[in-house]
Structure formats: C-alpha cells, structure tokens
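Please keep the sequence and the structure in view while reading.

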Amino acid sequence: MRYTPFIETQFPIARLSAESYKERKAGSGQTLTGLGKWWGRKPLVLVRAAILALLMPASDKPEQDREIFYKILTMDEDGLWRRKTKALGASGIAQSLKPEEYAGLIELRGGKPAWASGVTADQKESLEKLAFARLPYEEKLTYCCRPEEIDGPSPTTWEEINRHLGTRAQNLQELFAELSQKAFGHLARVGDCFCGGGSVPFEAARLGLEAYGSDLNPVAVLLTWGAINLIGGGTEVQEEVRKAQEEVWRKVDEQITAWGIEHDGQGNRADAYLYCVEARCPATGLWVPLAPSWVISEKYRVVAVLRRNDERQGYDIDIVTGASEAQMKAAKQGTVQKSALVDPEDPSRTYPIASLRGDRRGPNGETIYGLRLWENEDLVPRPDDVFQERLYCVRWVTPEGERIYKAVTEADLERERKVLALLTERFAEWQEKGYIPSKKITPGYNTEQPIRERGWTHWHHLFNPRQLLVHGLLMENLKFQNKLLKVANMLFLGYICDNDSKLCAWNPHFSKGPGNTRNTFSNQALNTLFNFGVKSIIWAS
C-alpha cells in the first residue's frame, strides 16, 4: 500500500502562523539569530512542522491525525499548558470567567480583582486552567514559551501519540527515527540546497535526522555550519567557545590599554566615538561638518553646536549636555537636509551633495561620478578630497560607570594620530595575512554605492582606522585551534564588523538611553552616512 504523508492530505496553518509570528517577534531571543543576520531565515517551528508532516503517515481518520500533529508540536491544550510560563493572575482570570465561576476565590480589592484570603494553590491552578483554556490561541501564546524551549509532549500525551502512530517513542528524536523507518526503511535525510541562515539543516539535525545544506553564498554555509555545530553542539561546546573568545578579548584589551588609545589619563575610558563628514561650502569656502541631526542623546539632552572659526576655515563643535528646548530644536535641523548641504551662515542657501561631488552627465546621458577613487593604501581622506572625516565627540565612561559626552580635545586628536600610525605599521602585513580586508568592492548597483558616494573602492574603506586596528588585533589574537573554534571566531568577527563600520548610524533614541549605533545591515543596502558611531573594544566583551 502506498505511503501517504500527512502533508499530502492536510497541513493546518492557523496555529503554525501564530507560532511562527511569535518566534519572529522574539528578535534576538531566537535560537539562531546570535550567529549573524540572515534576512530570509525560516522560523524553526515551521521547519519542524514541515518535516513532521512529511514523515507522519495519514490515516483514514483526518481529525485524529490533525490532533496528533498538534500534540507532537505541543500546540494542543496539554502542550500549551506545559509551555505556559506566565500566570494570568486574578485579573486575567476574572476577565475570562464569569463571576459565579470564581465566586469566593477572587474578590475586588481597591477596585481590582485579587485572590481572596485562604485560596489554596490547587484552587488557583484549577481556575487558571479554566481561564487559560478559554483564551483565543494567539492570546494563549503570550503566556507561553516556544515549542523548542521545552522537551516535547508530556508522558501521557506520548501514550496517545504512540497509540495512534504505532510507535514507541518517548522523545522527538525517537519519534522521527521511527517514522523515518516506517516511511523509507532508514533514517530520513533532509537536504536544503539553498540553506540560507540554516534553519532547515539545523532543525533536521536537532530532530536527530541526517542533515545536509549548501548555498551559493559562502556566508550562508558558514552560518549553517555554525548553527549545527555551535548552537546544536550543546553547553560544553558553547562554553569552550566562550572561554576562547574571552581570552582573545582580554589580550586585545590589554594591548589597547598599553597603547593608551581609549583612555584619557584621568581614569575615564571611551566607549563610543562620533565622526562626521566635512565639505566646503561653495558660498563661504568654510569646511562645514555634515550631519542630518546634531542630537546625540535625547534622554540626556546632549547636542552638538557648531561655532564658526575663521582661523581653521571651518567650525568648532561644542558638546552641550542638558540642552535647552531651543538648543534641542536647533540641533534637529542638521547641516544635511534632502541630500543637500545647508549653509550654517544662511540656511536658505543649500547645495546638492551630488554637485559637491562633481557628478555630471556624460555625452550619452550617463552619470559620471566626480569623486577621486580611493586606492588600497588610503586609510583616511587625502587633504584635497571633497569629503573629509572628523571626530567630533567622544563618550567616556567614568570609574563610577557614568557616561559623559565631551567635545574633542587636542589630546583626543593625538590619540587619533597614534591609531593611524599603529595601523599604518601593520596594514600591509595584516592585509597579506587576511586579518583585515584587501579585496576590491564587488561590482553591482548597491555594492557600488560607496564608490559613487564616497570614492571607496575596497572593502576596508568601509572602516575607519580605529575600527581596522581593533579588528586586526582581534584577528591576530584568534587561535584557530580547531575547525569549530575557527568558525565560531569568524562568526564573532562578522558580528563585530556588522556592528562597527562607517555605515553604522548613530541613534540618539536608542532604548531611550544614552544613544548607540545601529548595525551596518539594519537594512539591505550599503548606505554611506554623513555621521556615524564607532565603538570601543568595551562593547565586544
């Protein structure tokens, strides 16, 4: 008789859709996201359901099949109760039940439902179960963890599952192995030729099946291998990786401390550096610092204020903490608006950024971009480049843990020069060893955006000297003792690069706190920025 899998007869999607949404809303709490961002990563619960539906046989009792399907995935009433991690409490119960159902057990106290005196734990649980059962499925999920966060169905439910399927399993791995034998005569092999973020091979391996994955993108292969061997390797493997990475961080921190490039000599240590681009204003000839907003922290009312300095043919930048309403309002009107430089001396005068770059039309109507193209050895703009880069604020952490924002001093600039000198000494060697990028930017409309807008031609141009120095130090100290640690450390470096490049926008509203940077791939483009944030080594600890 032909084997008919469950998925060929039905595939319930309403509950799966709600479960997938819950997993996605977990954000960084998802199992695989810590390895690296991947835009198309499939929800693990959906992968688990699909594999189960392919292996589970359909019977002549479709309703029972569906109930067993839910039970295996802990999407039935018993499974949801096992997954329940939050209490409804007296208020939640009172909203779901009729007054006569909780009479004598819940009373109004101060206008709010509260447990009556003397109510036992068993009575509370009984009402909780009754109220929980009446909630819509989506609302139940707000009180539950995800299916992958528990060890599967209860012993009683396993008896029902085995009775219906003719199996003897006591856990998911045993069940999937038995279903594989019934369907194919051997353990099922699951392959994904475009594995992306690794959801399919990872979940298949976690269920005890043979898992295979490949992808045209080497980053996807790296993420998938890491998912199976690092996340799936268990606590011992993760502890080994953690210790190895902590040792690397400690050595890099010691070197940076010895160089003194993140300390001010007064006990303070920098945890963030804010840079901006400068360009000459055609009307005044002054170098204008460019930023769409000069607000640094909304919560602490920190802003940057430009002050004309004819001696330097530009502007000094003062940092004000506890800014007035007028200063906050003025700071929100940056010197770049609608892709044009705004003259600080007369805001009615604006100059398109494209015109500053020297972009023009060719004889056949094509756009000719006017910026000088950087060479491999360029680590900072040359003096005659259209765009210069400037450090304009440093956020320091005091010995007491307080974050303070300060304007840039001559001592800060001297540390910047030291960073550049240290990097220059190591640059050729580090590129040769692969510690920092050396390749040219891959052709393509979006990847060429940094070339068009900044003249950057190589991938390392997307990082400033401080970032390249720290990243190179990390690579120099990584010990690739085995394949596992090598992949773990490459993922670690990838995470750092995503969160510490010149494409990381400064976010003054971050968590309503002191401000922080967004990651490079907060969207799917290589957007060049007029002001950006650079993190110190502290954040990677």
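**Pocket, helix packing and cavities**

Helix α15 contributes six residues to the lining of the second largest pocket, the most of any element; helices (H or I, at least four residues) and strands (E, at least two) are DSSP runs, numbered from the N terminus. The model is a predicted one, in which local features need pLDDT of at least 70 and side-chain atom pairs count only at pLDDT 80 or more, while totals for chains, interfaces and linings use all residues. Residues are numbered from 1 along each chain as its sequence is written, and side-chain values use heavy atoms, with hydrogens and water left out.

The second largest pocket holds about 790 Å³ of space. Two or more lining residues come from each of β5 (269-280), β9 (314-321), β15 (388-397), α15 (410-433) and α17 (465-477). On a 1 Å grid over the protein atoms alone, a pocket is an open set of points with protein on both sides within 12 Å along at least five of seven lines, a cavity is a set where a 1.4 Å probe fits but cannot get out, and lining residues have an atom within 4 Å of a point. A volume is the space filled by probe spheres set on the points, which are joined across faces, edges and corners. Of the 29 residues that line this pocket, Glu389, Arg390, Leu391, Leu413 and Glu416 lie nearest its centre.

Helix α17 also packs against α12 (residues 234-259), at an angle of about 135 degrees and with the axes 9 Å apart. α12 is therefore oblique to α17; angles under 35 degrees count as roughly parallel, over 145 as roughly antiparallel, 65 to 115 as roughly perpendicular and the rest as oblique. Axes are lines fitted to C-alpha atoms, for helices over the stretch in contact, and angles run from 0 to 180 degrees between N-to-C directions. Val248, Lys251, Val252, Gln255, Ile256 and Trp259 of α12 meet Leu469, Val470, Leu473, Leu474 and Asn477 of α17, where contact means heavy atoms within 4.5 Å.

Helix α12 has a further partner in α11 (residues 218-231): their axes come within 8 Å and cross at roughly 110 degrees. α11 is therefore roughly perpendicular to α12. Here Asn229, Leu230 and Ile231 of α11 meet Gly234, Val237, Gln238 and Val241 of α12.

Two cavities of 30 Å³ or more are found in the whole structure. The largest has a volume of about 70 Å³, and α2 gives the most to its lining, with three residues. The second largest cavity contains about 40 Å³ of space. Glu23 and Leu44 are among the residues lining the largest cavity, and both also line the second largest cavity.
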